[in-house]
Amino acid sequence: MATRASTRELAGFRKLVVGIVRRNRLRLVIWLVAVPGVTLPSLGAYGTVFGTETGAKGRALIMATPTGTIFGGPGYGLDNYTMGAMVANELLIWLNVTIALAAILLMVHLTRHEEDTGRLELVGAAAVGRAAPLTAALTVVAGEVILISLALGFGMMAYPELAKVDCLALGLAVAATGLTFTGVGAVMAQLAWTGRAAAGLSCAVLGVAYALRAVGDTLAVQGGSGWASWLSPLGWAAQGRIWVNLRWWPLLLGVACGAALTVLALILAGRRDQGAAILPEIHGPARADKALKQPSSLVWRRIQASFLAWSFGVVAVGAAMGPAMGSLADYVRDNPAMMEFFGLDKSDGIDPIAEAFSGMVVLYLAVIMGAFGITAMNQMHSDELTGLVARSLEQPVSRDKLLGANELTVALSTLLGMGLGGVAYYGAVVSNRELDPGVAPAVAEAVLRSFPGLVATVALASFLVAVLPRLTALSWPFLAYPAVHQLLSTASDWPAWTRLAAPLSAASLTPGTPFDWRASIGLFAVAALLISAAHQRFRERDLLA
Amino acid sequence: MTTSTDNTEAIRTEGLRKTFGKVKALDGLDLTVEPGQIAGFLGPNGAGKSTTIRVLLGLIRADADSGPASLLGLDPWLDAVELHKRLAYVPGDVSLWPNLTGGETIDYLGSLRGKINQKLRDELLERFELDPTRHNRTYSKGNRQKVALIAALATDAELFLFDEPTSGLDPLMEAVFTGYLAEIKQAGRTVLLSSHILAEVEKTCDTVTIIRDGQAVETGTLAELRHLTRNRIEAKLRGPSGSLAGLVGVHDFVADADRVSFACDNSSLETVMSALTRIGIESLTCSPPSLEELFLSHYTTPAPEGAGQGEV
């Protein structure tokens with residue numbers, strides 16, 4: 001009887017899998033081609049650019065900084081930084097984030113989203129077992145994750161520098177992370193009311209996993225305890241020490257975790273009605289708050305959640321950077337390559353090193369908040385496409401007022417987030433007793449120096465939304481440019497004017513360097529020009545929808 | 001309720017043109033709605049109804065060589081803000097800010113206009129049976145439509161533009177809406193109602209404009225429009241139908257024993273009736289064309305040349 005019941009639960013499973021694959025073939029093929037297709041050819045860069053011994057050493061020094069730890073990994077093999085060690089330390093984390101996002105988005109799309117649109121109801125009405133749709137979706141996503149991982153693992157074997165066994169281990173590490181987040185997506189799809197909420201909750205889990213690993217690895221690099229990394233699926237992958245001193249068991253943790261979450265999702269699915277959620281639906285106020293009566297207050301409501309997430313990130317990064325600075329300064333002073341990277345002389349004391357490093361931290365904080373500013377401004381573009389901009393303009397609201405409300409709210413919240421990140425970093429610097437207290441005011445000044453660049457970044461995004469709405473993605477290269485510029489300009493002797501190519505590199509953010517008031521005024525002037533062009537065009541053009 | 005200037009049409013467009021790339025969405029549209037009228041606006045998908053309304057709302061701009069458009073005597077593009085204080089609009093496909101509740105949305109839209117009638121707002125919530133504490137992203141299409149309807153109906157607008165406002169509503173809710181339309185009319189306010197539900201238009205509208213390929217092909221009161229088409233005549237005769245089928249103005253003639261059935265042009269009604277009388281009539285039904293027949297007759301045949309010049 002029990003077996004009969006369980007086979008009935010899965011009735012139609014095979015047909016469902018075929019149906020899912022057929023309907024989503026484009027989506028599945030894109031992930032499967034894009035992830036290995038972008039990754040594998042670019043691996044060559046690790047071999048050529050940093051293949052020389054001095055190149056690898058300089059790279060290792062950068063990756064030894066907290067920035068390197070936060071954006072890379074715990075730094076296994078930095079003392080002999082081979083190509084494999086680079087891939088494991090720098091690339092693996094991003095492969096894992098990518099596969100996690102793919103798993104989450106696919107899983108939610110195939111489950112909760114199907115429920116939201118009512119399509120699952122049609123399927124459920126057919127001769128299909130109760131557990132079959134979720135099991136089918138799990139099977140397809142897990143299969144996709146494994147295929148991508150195999151492509152990565154076997155693809156990497158094409159590089160003779162990379163030991164073959166470790167290539168397989170890397171594939172397993174990616175698969176384990178993917179399976180874990182397949183499970184996370186499946187569980188959240190049962191808990192949440194909508195696909196959007198399920199994706200949001202799953203991404204929050206990914207964010208926490210990233211933060212735990214970053215904090216744990218940073219502490220471990222400084223000689224502290226890295227236990228926080230062991231709470232994170234992203235940490236397990238790094239602990240496999242691939243291409244350095246391979247150990248398999250941390251990688252298997254992810255597989256086990258994915259299996260456990262899958263079982264949990266199936267149990268939860270069996271306990272709820274279709275269309276219902278385990279978490280209660282959150283109702284909101286029946287009446288609008290007095291504050292909600294202006295386009296600007298509505299913009300704030302639109303971007304609030306994203307603002308909280310990004311400014312949490314910037315505060316976390318700012319706070320994480322401070323503690324390492326004293327020992328980092330000592331470390332840098334002892335390494336000529338690092339001194340050269342920061343453009344410093346041996347005779348400089350502790351402060352210039354701390355200041356140079358602070359310049360890098362402040363730049364990264366500004367780039368993070370700049371990313372928030374761009375996404376927040378681009379929200380207006382997607383709102384235009386979904387008809388929400390029209391919803392405001394149907395009311396007695398002028399186009400200037402609506403665009404201005406977006407620009408002002410986004411610019412102010414971007415600066416506020418930068419201020420918060422700056423305060424967190426400032427606090428971390430002040431509380432670091434190894435540093436000269438004189439560094440702190442210079443850090444505060446550097447944070448303020450980023451403001452004109454951030455305003456110009458938002459203005460550029462606004463210009464694109466209003467004037468070139470099909471090209472809003474053009475904001476991103478401008479945002480990424482300063483980081484590239486900082487990494488490469490000193491080493492390759494780029495002429496000074498190249499820093500003017502993007503808002504956040506135009507004025508130096510390094511504390512202690514002279515304040516470039518001409519660049520700052522120039523940035524405000526460019527921002528004013530972009531904004532006036534944006535308004536001019538937005539007054540004249542048809543709405544897109 | 002008084003409009004600002006008498007003698008000003010609530011809506012007037014003459015030769016309205018709007019081109020998207022090579023597609024002529026509006027190709028010389030004439031549309032007039034007098035104050036206090038409920039005007040039906042009919043046409044199949046893609047005829048240009050929504051484009052017209054978007055031009056009237058100043059969301060998109062008519063072509064440079066377009067004829068003029070005015071609402072309440074104002075220019076829909078240049079005076080958009082001033083005009084929007086005096087009109088209310090309900091779209092057919094209502095997108096709403098997903099993280100606001102329905103109640104917040106209604107209040108927000110109301111506060112952009114300056115004020116909202118709280119008593120009417122609460123009454124409308126009750127009549128339309130809408131839970132205002134749910135977030136917009138959890139509402140069905142019909143519920144989102146209710147949010148937009150309540151936000152519009154709670155205003156003191158002089159002019160209402162409705163673009164298929166009941167397409168997601170059940171018949172009970174549709175009836176509630178029709179009830180409010182009657183109140184709007186009683187208060188002397190003006191309505192442009194774009195709809196696919198012909199029964200709704202037939203029941204509520206004073207005038208009807210039928211649009212096709214971006215032009216108005218018919219416009220007038222329902223009574224006037226009925227004159228343009230054929231009556232349906234079914235009769236049981238005392239004698240043989242004889243030459244009846246050959247008379248000018250008789251179409252689709254079918255005879256079955258002593259029963260005949262055919263369509264008859266309005267202009268030939270008199271001659272045909274006297275012919276029938278000569279044969280002898282046992283029973284007779286003559287039905288005027290329904291709006292549906294009117295509508296279908298315009299859409300199942302190719303567009304006539306010089307459309308919009310119908311003899312009314």
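Reply: Start with burial in chain B: buried residues make up 44% of its 312 residues. This is a predicted model; local features need pLDDT of at least 70, side-chain atom pairs count only at pLDDT 80 or more, and totals for chains, interfaces and linings use all residues. Residues are numbered from 1 along each chain as its sequence is written, while chains are lettered from A and ligands numbered from 1 in the order in which they are written.

Me: Why is H11 of chain A called largely enclosed?

Reply: Of its 28 residues, 24 are buried, so H11(A) is largely enclosed by the rest of the structure.

Me: What span is expected of helix H11 of chain A, and what does it reach?

Reply: The expected span is 1.5 Å times one less than the number of residues. H11 (residues 164–191) has 28 residues, and 40 Å is expected. Helix H11 of chain A reaches 41 Å from its first C-alpha to its last, close to that value. Helices (H or I, at least four residues) and strands (E, at least two) are DSSP runs, numbered from the N terminus. Chain B has 10 helices and 13 strands.

Me: What makes a set of residues a nonpolar core?

Reply: Its members are buried Ala, Val, Leu, Ile, Met, Phe, Trp, Tyr and Cys residues, joined through C-beta atoms within 7 Å. The largest such core has 235 residues, and A:Ile104, A:Leu365 and B:Ile150 have the most contacts inside it. Helix H18 (residues 350–385) of chain A gives the most to this core, 19 residues. Apart from it lies another core of 8 residues, including B:Leu237 and B:Phe262.

Me: How do you know that chains A and B are in contact?

Reply: Two residues are in contact if their C-beta atoms, placed from the backbone, lie within 7 Å. By that test, 28 residues of chain A are in contact with 27 residues of chain B. H19(A) gives the most to chain A's side, with 4 residues.

Me: Which bounds does the domain assignment give in chain A?

Reply: Domain 1 is 14–270 and domain 2 is 295–540. Such bounds come from an automatic or database domain assignment. The two domain centres, taken over C-alpha atoms, are 29 Å apart.

Note on methods: Buried ≥ 20, exposed ≤ 12 C-beta atoms within 10 Å, placed from the backbone.
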